[in-house]
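These are my notebook entries on one structure, written down in the order in which I looked things up.

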Amino acid sequence: MAKWIMIAGAALLIIGAVLHLAPWLLNWFGKLPGDIRIETQRGKVFIPITSMLIVSIVLSIIINLFRK
């Protein structure tokens with residue numbers, strides 16, 4: 001369990017560093033076709049369907065690689 005917590009912490013550290021030092025690398029996230037964005041005078045709604053599908057596929061591949 002401790003090993004997985006350390007791996008998750010390292011991954012979060014790397015993602016945080018990328019977002020801080022090179023934010024342009026992830027500008028595409030949330031702007032893909034299939035991401036729903038509704039803006040009205042009363043408020044905004046954002047549903048990142050396509051972006052979350054990509055995240056799910058990538059995480060599934062990574063988890064399956066570590067399982068073996």
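Which pattern does the protein follow when read along the sequence? I read it as α-β-β-α, and I noted two helices and two strands, where helices (H or I, at least four residues) and strands (E, at least two) are DSSP runs numbered from the N terminus.

Before going further I wrote down that this is a predicted model, in which local features need pLDDT of at least 70 and side-chain atom pairs count only at pLDDT 80 or more, while totals for chains, interfaces and linings use all residues. I also noted that residues are numbered from 1 along each chain as its sequence is written, and that side-chain values use heavy atoms, with hydrogens and water left out.

**Overall form.** I looked up the radius of gyration, taken over C-alpha atoms, and found 16 Å for the protein, whereas a compact globule of 68 residues would have one near 11 Å by the rule of 2.2 Å times the number of residues to the power 0.38. The C-alpha trace spans about 50 × 25 × 20 Å along its principal axes. Of the 68 residues, 6% are buried, meaning under 20% relative accessible area, against over 50% for exposed and in between for partly exposed (1.4 Å probe, protein chains only). Among contacts (heavy atoms within 4.5 Å) with a separation of 6 or more, residues 24 or more positions apart account for 6%.

**S51 and L32.** I found S51 in helix α2, residues 49-67, and it is counted as buried because its relative accessible area is 0%. Leaving out residues up to four places away in sequence, S51 touches F29, G30, L32 and D35. L32 lies in the loop between α1 (2-21) and β1 (36-39), and beyond its neighbours within four places it is in contact with T50, S51 and I54. From L32 to L21 I noted 11 residues in sequence and 23 Å in space, C-alpha to C-alpha.

**N64.** I placed N64 in helix α2 as well, and it counts as partly exposed because its relative accessibility is 42%. N64 and W24 are 40 residues apart in sequence and 29 Å apart in space, C-alpha to C-alpha.

**The largest pocket.** Which residues lie nearest the centre of the largest pocket? They are A11, I15, V58, L59 and I62, out of 20 lining residues. α1 gives the most to this lining, with nine residues, and α1 and α2 each supply at least two. By class I noted 19 nonpolar, no polar and one charged residues in the lining, with Ala, Val, Leu, Ile, Met, Phe, Trp, Tyr, Cys and Pro counted as nonpolar, Asp, Glu, Lys and Arg as charged, and the others, Gly among them, as polar.

Terms used: On a 1 Å grid over the protein atoms alone, a cavity is a set of points where a 1.4 Å probe fits but cannot get out, and a pocket is an open set with protein on both sides within 12 Å along at least five of seven lines; lining residues have an atom within 4 Å of a point.
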